[in-house]
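Open the model in your viewer and keep the selection panel at hand. The stops below say what to select next and what is there.

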Amino acid sequence: MLRDITTIRTFEDIRLFYFKYKDSPEFSVIGVALLIFVGIVIIWKGILPQTHDWFSVQDEIKATKERIAQLQTNQSIIGGITQSKLDKDYSVAATALPYQKDYAGMIESIDQATTISTMERNDYSIEVGNLSTKSAQLSPQTTITVKVSLQGDAEELQKFLTQLTKELPLSEVVSIEYNDQAANIEVNFFYKYLSPSTTFPYTDPIKILSQSNQKLLNDLTTWRDAQSSLGTPDFLPSETATPSASEI
Amino acid sequence: MSSEINLLYSKKERRKYKLSSQVRFLRFGALGFLFFVVLVSMTFFLLVVASPLTSLKQQELQQNQLLTQSEEKIRKQTLLAMRMNDISTIVAKRSQFDLILQELIQKLPSGVIIKEFTAEKKQIALSVQSANSKDIETYMGTLGTMVTTKKYFSRVFMDSLNVEIGTDKQAADFRARFVITLL
């Protein structure tokens, strides 16, 4: 048989070879081997990739279903929030922790705390820091320091400190030097730039306020309303600048 | 004439070419195997093609389009939540000098006044003045109690006690200075 294979030259030789050996056991064995080989090739090149595809599709279906469920949850959450309340809450939060250095807000806070505490205010200075917006945004500093000199007794000083904690933008007293009716106070006012990398993908769960944060927001709203009722000092613009959504 | 020309098998050749049952079994087995492989392949193909992925993607797209209409609201809500987290951290961590001073004033015995109050980070220096040494002693005891309650203070010690002599050569004013370490 092998000898015959080596003599095959033309199509006619193949036909002759076929008719001569088609009923031989060797031919059948070769045929069987060929079928098994084709079967293995189909498994290797067809079934295995298709199985992989099928599992990938199942994973994708599962992930898509989860995304749809999240989108539906987000839709119901956002549908339950009224635009006017959201605007008000957002404005309060942005006033409490501004997106930029809020000089007018700082001056107004100190002015109102001084008025309420009945302390007498002397000069005060503000440490401005970096003015270059790009480098300032990269700066880890999120406070601006104000040094205030006041005149009054210890009780008035305490009232001033208490009032300052309820003023927006938020601040922290970092040092106090009170001696015989004269006080030098160093206050850090907080601000925080919006990170340029902040994204708002719809498939992420919409963040809702925790109960403690909701309570804190209510406190902030009360403080701001009280602040507004006192009015803005004459030397300041009537409204404190907060970034609009388009600026964000 | 060569015997190879004749295509009819001789009896000997017929015996030679008679397929054994094993070979026949192998042949059917191989055919069955191939059929099975093709069937499985087609099944998987149909499963992949008939999967609900396309309709799910369409549904996801529709939901996304719905949310696009509320984009502004989502941005504001996300920013509000982020800002409130920052604010709660600030409020929780900021100094409480106002409350501490309030506590110190409330506990002052009558006739004792605060002359000096210096506060920075975790340390407070407090000077109180009174015409009566007993009041200073009472206040010292109060400060000691405040340390044991562990509300704000971890340690209090008296830095100095100055006595001012009046014109009548008697002690006129007592001034005590305390250094307080905060928790």
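Start with Glu164(B). It stands opposite Asp173(B) in strand 4 of chain B. Strands here are DSSP runs of E with at least two residues, helices are runs of H or I with at least four, and both are numbered from the N terminus. This is a predicted model: local features need pLDDT of at least 70, side-chain atom pairs count only at pLDDT 80 or more, and totals for chains, interfaces and linings use all residues. Residues are numbered from 1 along each chain as its sequence is written, and chains are lettered from A and ligands numbered from 1 in the order in which they are written.

**The sheet**

Select strand 3 and strand 4 (residues 171-182) of chain B. They run antiparallel and are joined by 11 bridges. Two strands count as paired if DSSP finds at least two bridges between them.

Axes are lines fitted to C-alpha atoms, for helices over the stretch in contact, and angles run from 0 to 180 degrees between N-to-C directions.

**Where the chains join**

Zoom to strand 3 of chain A and strand 1 of chain B. Five bridges pair them in the antiparallel sense. Ile176(A) stands opposite Ala119(B), and Ser175(A) has Glu120(B) as its bridge partner.

Strand 3 of chain A also runs antiparallel to strand 4 (residues 182-190) of chain A, over eight bridges. There, Ser171(A) partners Phe189(A). The hairpin of these strands has two residues between them, and Asp180(A) takes a positive phi near 50 degrees.

Select the whole interface. 64 residues of chain B are in contact with 72 residues of chain A; contact means C-beta atoms, placed from the backbone, within 7 Å. Which element of chain B gives the most to the side that touches chain A? Helix 4 of chain B does, with 19 residues.

**Two crossing helices**

Go to helix 4 (residues 83-96) and helix 8 (residues 211-230) of chain A. Their axes come within 10 Å and cross at roughly 80 degrees. That makes helix 4 of chain A roughly perpendicular (65 to 115 degrees) to helix 8 of chain A. Among the residues that meet are Asp89(A) and Val92(A) in helix 4, and Leu217(A) and Arg224(A) in helix 8.

**Ile77(A)**

Next, pick Ile77(A) in helix 3 (residues 25-79) of chain A. Ile77(A) is partly exposed, because 17 other C-beta atoms lie within 10 Å (20 or more is buried, 12 or fewer exposed, C-beta atoms being placed from the backbone). Ile77(A) touches Ile206(A) and Ile208(A), not counting residues up to four places away in sequence.

**Confidence**

Finally, color by pLDDT, the predictor's confidence in each residue from 0 to 100. Chain A averages 85. Over residues 244-248 of chain A, pLDDT stays under 50. Where pLDDT is low, the predicted coordinates should not be read in detail.

How values were computed: Parallel < 35°, antiparallel > 145°, perpendicular 65-115°, else oblique. Contact = placed C-beta atoms within 7 Å.
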